[in-house]
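Here are a few notes to go with the model you're about to look at. Have it open while you read.

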Amino acid sequence: MNTFAEENYLKALFNLSNDKGEVTVQELSIELNIKMPSVNNMVKKLAEKKMVFYESYKPLRLTDKGKKEAGLIIRKHRLTEMYLVEKMGFGWEQVHEIAEQIEHLQAPLFFEKMDEILGYPRVDPHGSPIPDKNGKVQWLQYKKLSDHKAGDVVKLSAVTNSSDAFLKYLNSKQLHLGLMVKVMAVEAFDGSVQISYGKKLQETLSKIVAEKLLTEAL
């Protein structure tokens with residue numbers, strides 16, 4: 001059984017992995033806000049458990065065993081977030097910290113029942129894919145709102161930033177997942193995007209915001 005700290009490291013490694021599946025010790029240190037020597041010590045422990053490929057001065061990579069363990073932790077987190085929103089009425093901006101605590105429960109039947117009650121959802125409240133019971137993730141093909149052109153009609157399907165501040169900002173604009181949005185214009189100068197949706201005939205989003213909204217074409 002892994003400790004809470006080890007699980008947090010595995011999850012961070014999984015989330016930070018680039019296209020090559022690599023993460024530097026410095027990136028991990030910054031993400032977890034933990035000093036480099038402590039990160040090195042923990043990574044060595046995970047390497048001893050066959051969770052991480054570790055060599056001095058080289059990027060870190062999760063082993064197949066490490067990927068599975070990380071995927072299962074993320075599965076518990078995202079199922080919990082979905083349950084809190086769908087069955088308990090929490091806002092999508094309220095669930096992260098609660099799920100951070102519940103994800104460490106070692107109770108497979110509990111999460112299987114949660115999955116069943118929810119109807120086996122594919123994504124969490126923020127549009128991120130929920131790993132299956134083997135920790136496998138089916139990545140979904142989305143396009144950033146900022147990459148669309150005027151005239152495109154799209155569905156908001158995910159966000160790449162699930163911070164409390166960002167989600168509250170989206171709430172203030174009445175933007176939510178599943179919403180149909182029409183791109184009215186894209187400003188060449190700063191990349192800001194004008195959209196219309198619902199009763200709003202024109203809303204301007206900065207490029208920073210538009211890059212964090214993932215869409216599916218209709």
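1. A term to begin with: a contact means heavy atoms within 4.5 Å. Among contacts in the protein chain between residues at least 6 apart in sequence, 59% join residues at least 24 apart.

2. Some ground rules. This is a predicted model, where local features need pLDDT of at least 70, side-chain atom pairs count only at pLDDT 80 or more, and totals for chains, interfaces and linings use all residues. Residues are numbered from 1 along each chain as its sequence is written, and side-chain values use heavy atoms, with hydrogens and water left out.

3. On to the parts list: the protein chain has eight helices and nine strands. These are DSSP runs numbered from the N terminus, with helices (H or I) of at least four residues and strands (E) of at least two.

4. Now find the open sheet: six strands in the order 4-9-5-6-7-8, with antiparallel pairing. Strand 4 (143-144) and strand 8 (200-205) are at the edges with a single partner strand each, so one side of each has no neighbour in the sheet. Two strands count as paired if DSSP finds at least two bridges between them.

5. Zoom in on strand 5 (residues 153-159) and strand 9 (residues 213-217): they run antiparallel, joined by five bridges. Val159 has Leu213 in strand 9 as its bridge partner.

6. What lies across strand 5, strand 8 and strand 9? That's helix 7 (residues 164-172), running at about 150° to strand 5. Such angles run from 0 to 180 degrees between N-to-C directions, with axes fitted to C-alpha atoms, for helices over the stretch in contact.
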